[in-house]
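I kept them in the order in which I asked.

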Amino acid sequence: GWVVSIPYLFGTLGSISCGYVADYFVRRGVSLINSRKWPICLGLLGAAGFTVPVAYSSDNMMAVVYLCVVMFFLYMASGGAWALVNAATPNHAIATVGGLQNFGGYFAGSFAPVVTGWLVDETHSFKTALMLSSLVAFVAAWVYFVLVREPIRDMLPPPEFPDDEHPQTQTR
């Protein structure tokens, strides 16, 4: 059972490394949006690529090694997704966009156990489920690469607060 914790340790390293990778890109003159987008794409592609050997590994130890790499890349992508919200969203909408992103991820993720269970029941193997998750990660990387180009334009003015209710001018 303790072996299950090892991939999560690598996930933690992936999450932390996302910040270093994004900062590296910014120092090299990459735009704020792209400095957040590239770690997401890299993370999703890495996760997609290393999920394939997990599916076909006949050695448990090697399967755990590949899962460690998958988790590293997945958490790198996850950290980048949260950083992208802050870089691409007007300040007064960050919580809303972050909440929508979280809802979308959890909503779609809630189907993963059902789909996985159905695929395993039908095929008596996790290979198809793992290959499908690899495909989903690859498609997600492509979607980020193609669709994320510039910050979200502010369609509405920021909310107006009367002087005595403005969060920045309140005194305690």
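What separates F103 and F107 in helix 4? I found them 4 residues apart in helix 4 (residues 94-109), which means that about one helical turn lies between them; helices here are DSSP runs of H or I with at least four residues, numbered from the N terminus.

Before going on, I noted that this is a predicted model, in which local features need pLDDT of at least 70 and side-chain atom pairs count only at pLDDT 80 or more, while totals for chains, interfaces and linings use all residues. Residues are numbered from 1 along each chain as its sequence is written, and side-chain values use heavy atoms, with hydrogens and water left out.

**Rings.** My search of the whole structure returned 6 aromatic pairs, a pair being two rings of Phe, Tyr or Trp (its six-membered ring) with centres within 6.5 Å, stacked if the planes are under 30 degrees apart, edge-to-face if over 60 and tilted otherwise. The rings of F103 and F107 have centres 5.6 Å apart and planes at 25 degrees, so I logged this pair as stacked. F103 is exposed at 54% relative accessibility, whereas F107, at 47%, is partly exposed (buried is under 20% relative accessible area, exposed over 50%, partly exposed in between, with a 1.4 Å probe and protein chains only). I also noted that ring pairs join F50, F72 and F73 into a cluster.

**Charges over rings.** I took a charge to sit over a ring if NZ of Lys or CZ of Arg is within 6 Å of the ring centre and within 35 degrees of the ring normal. By that rule the charged end of K37 sits over the ring of W38, 5.5 Å from its centre, and that of R149 over the ring of F145, 5.8 Å from its centre.

**H124.** I looked up H124 in the loop between helix 5 (112-123) and helix 6 (127-147), where this residue, although not a glycine, has a positive phi of about 60 degrees. Most residues other than glycine have a negative phi. H124 is exposed, with a relative accessible area of 70%.

Terms used. Helix = DSSP H or I, 4+ residues; strand = E, 2+ residues; numbered from the N terminus.
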